Amino acid sequence: GLPPYDPQNIFARILRGEIPCKRVHEDGFALAFHDINPQAPVHVLVIPKGAYVSAVDFGATANDAEIAGFWRAVAATAKALGLEEGGYRILSNIGPDGGQEVPHFHVHIFGGKRLGRMVA
Ligand code: 5GP
């Protein structure tokens, strides 16, 4: 399974303001910022403010307000980026086989062009 939450992971440090980020959206539940190594014309990460290792951990242990608030923040971020009309892709990597590098739950938002079909 996944490791316990590490409060020194890079996204926890971004949340605490110890490391800067290029912010797109922030509210009581989530922070959205540009990925440091963009894989699309628009590549933004949305993270909950709570300490969750992965999407599975988040779904299993966050409360309903946190879950609703997080997904509303994803939509608000896409809207703020001007992606609402043309659409975009969301993705969350889970664990080593899923390619997860940072052990704080995050959703990637990719957009800004017609994305290719993804088959892994
Ligand atoms: P994962 O593979 O865990 O789903 O994705 C982690 C993402 O975080 C990668 O796309 C990587 O480029 C991004 N990333 C890693 N470190 C930093 C950082 O310090 N700042 C920002 N803005 N993005 C980061």
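For 120 residues, a compact globule would have a radius of gyration near 14 Å, and the chain agrees because its own value is 14 Å. The structure is a predicted model, in which local features need pLDDT of at least 70 and side-chain atom pairs count only at pLDDT 80 or more, while totals for chains, interfaces and linings use all residues. Residues are numbered from 1 along each chain as its sequence is written.

Along its principal axes, the C-alpha trace spans about 35 × 30 × 30 Å. Buried residues (20 or more other C-beta atoms within 10 Å of their own, with C-beta atoms placed from the backbone) account for 26% of the 120 residues in the chain. Contacts join residues whose C-beta atoms, placed from the backbone, lie within 7 Å. Among contacts between residues at least 6 apart in sequence, 60% link residues at least 24 apart.

Helices (H or I, at least four residues) and strands (E, at least two) are DSSP runs numbered from the N terminus. The chain holds three helices and five strands, and reading along the sequence gives the pattern α-β-β-β-α-α-β-β.

The five strands form an open, antiparallel sheet in the order β1-β2-β3-β5-β4, where pairing requires at least two DSSP bridges between two strands. At the edges lie β1 (23-26) and β4 (89-91), each of which pairs on one side only. Neighbouring strands are turned by 20° against each other on average, direction ignored; the axes are lines fitted to C-alpha atoms, and angles run from 0 to 180 degrees between N-to-C directions.

Strand β2 (residues 30-34) is mostly covered, with four of its five residues buried. Five bridges connect β2 to the antiparallel β3 (residues 42-48), where valine 44 is the bridge partner of histidine 34.

Finally, the ligand has 14 residues around it, of which Ile36, Asn37, Asn93, Glu101 and Val102 come nearest; a residue counts as near if its C-beta atom, placed from the backbone, lies within 6 Å. The shell divides into seven nonpolar, five polar and two charged residues. Ala, Val, Leu, Ile, Met, Phe, Trp, Tyr, Cys and Pro count as nonpolar, Asp, Glu, Lys and Arg as charged, and the others, Gly among them, as polar.

Technical notes
Buried ≥ 20, exposed ≤ 12 C-beta atoms within 10 Å, placed from the backbone. Rg over C-alpha atoms; globule rule 2.2 N^0.38 Å. Contact = placed C-beta atoms within 7 Å.
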